[in-house]
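This briefing concerns the helices of one protein and the nonpolar core to which they contribute. Please examine the sequence and structure below before reading on.

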Amino acid sequence: MPDGADLDPQSLSWLATEQALIEIDRELVRRGGLRAFVELAWHVIEPVAVFSPNWHIDEICAQLELIQQGKNLRLAMAVPPRHMKSTILAVMFPAYVWMHNPAARMMFISYDFSLSLRDSKRTRELVNSKWFQDRWGDKFKLSTDNVVLLETDKTGYRLCGSVGGRVMGKGADIIVLDDP
């Protein structure tokens with residue numbers, strides 16, 4: 001971002017407004033947790049679809065925050081297809097966890113490897129987006145572009161796999177079995 005020395009007053013006003021919006025988003029997520037992050041980040045993951053809040057999204061986010069905080073070690077969710085479970089759990093949750101602990105190691109296993117890859121690519125798109133980088137880019141960077149094993153520059157990772165795949169011998173702080 002320019003330092004402002006070479007900008008006219010109108011440009012400086014725009015920069016100040018943009019920085020204020022960034023700080024507002026950071027504060028909303030600080031106060032509202034994963035649920036606020038999901039709603040704010042929605043436009044990055046789903047640029048055309050409108051975010052529709054519902055109680056089940058609130059509950060999924062609340063339960064995942066307990067996992068992220070280490071207050072719950074096991075969680076089973078029964079959510080019908082097309083209700084944002086995978087988008088929240090396998091796409092947005094890893095980015096949110098890394099915002100708090102960029103060294104966190106996570107493993108996401110699906111019944112179909114193509115779904116694991118899809119969600120890992122979407123996590124990468126979210127983390128590398130200008131929106132995310134402007135707000136939390138100071139916390140960590142992705143050090144690889146390998147979607148099977150997304151790694152942070154702080155030793156964290158997001159490994160994707162499938163049932164019957166080769167993930168044995170790999171450790172993780174959070175292991176997710178996503179079976180729609």
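Where in helix 3 does a kink lie? In this predicted model, the kink is at Phe 93, shortly before the proline Pro 94, and amounts to about 45°.

**Helix 3**
- Helix 3 comprises residues 85–100, a run of 16 residues.
- From the first C-alpha to the last, helix 3 reaches 21 Å, close to the 22 Å expected at 1.5 Å a residue.
- Because 15 of its 16 residues are buried, helix 3 is largely enclosed by the rest of the structure.

**The largest nonpolar core**
- The largest nonpolar core contains 39 residues, and those with the most contacts inside it are Leu 34, Phe 37, Ile 88, Met 92 and Phe 132.
- At least two residues of this core come from each of helix 1 (9–45), helix 2 (55–68), helix 3, strand 1 (105–110), helix 4, helix 5 (130–136) and strand 4 (174–178).
- Helix 3 gives the most to this core, supplying 11 residues.
- Leaving aside residues up to four places away in sequence, Met 92 touches Phe 37, Val 38, Ala 41, Trp 42, Ile 45, Thr 87 and Leu 126.

**Helix 4**
- The 16 residues of helix 4 (residues 113–128) should span 22 Å at 1.5 Å a residue, and the 22 Å between its end C-alpha atoms agrees with this.
- Asp 112 caps the N-terminal end of helix 4, with a side-chain oxygen 2.9 Å from the backbone nitrogen of Ser 114.
- The buried residues of helix 4 include Leu 115, Leu 126 and Val 127, and also Asp 119, Arg 122 and Arg 124.

Definitions and conventions
Residues numbered from 1 in each chain as written. Predicted model: local features only at pLDDT ≥ 70, side-chain atom pairs only at ≥ 80, totals over all residues. Heavy atoms only, no water. Helix = DSSP H or I, 4+ residues; strand = E, 2+ residues; numbered from the N terminus. Expected span 1.5 Å × (residues − 1). Buried < 20%, exposed > 50% of the residue type's maximum accessible area, 1.4 Å probe, protein only. Polar contact = N/O pair within 3.5 Å; in protein donor to acceptor, adjacent residues only side chain to side chain. Bend = angle between axes of the 7 residues up to and from the residue. Core = buried A, V, L, I, M, F, W, Y, C linked by side-chain atoms within 4.5 Å. Contact = heavy atoms within 4.5 Å.
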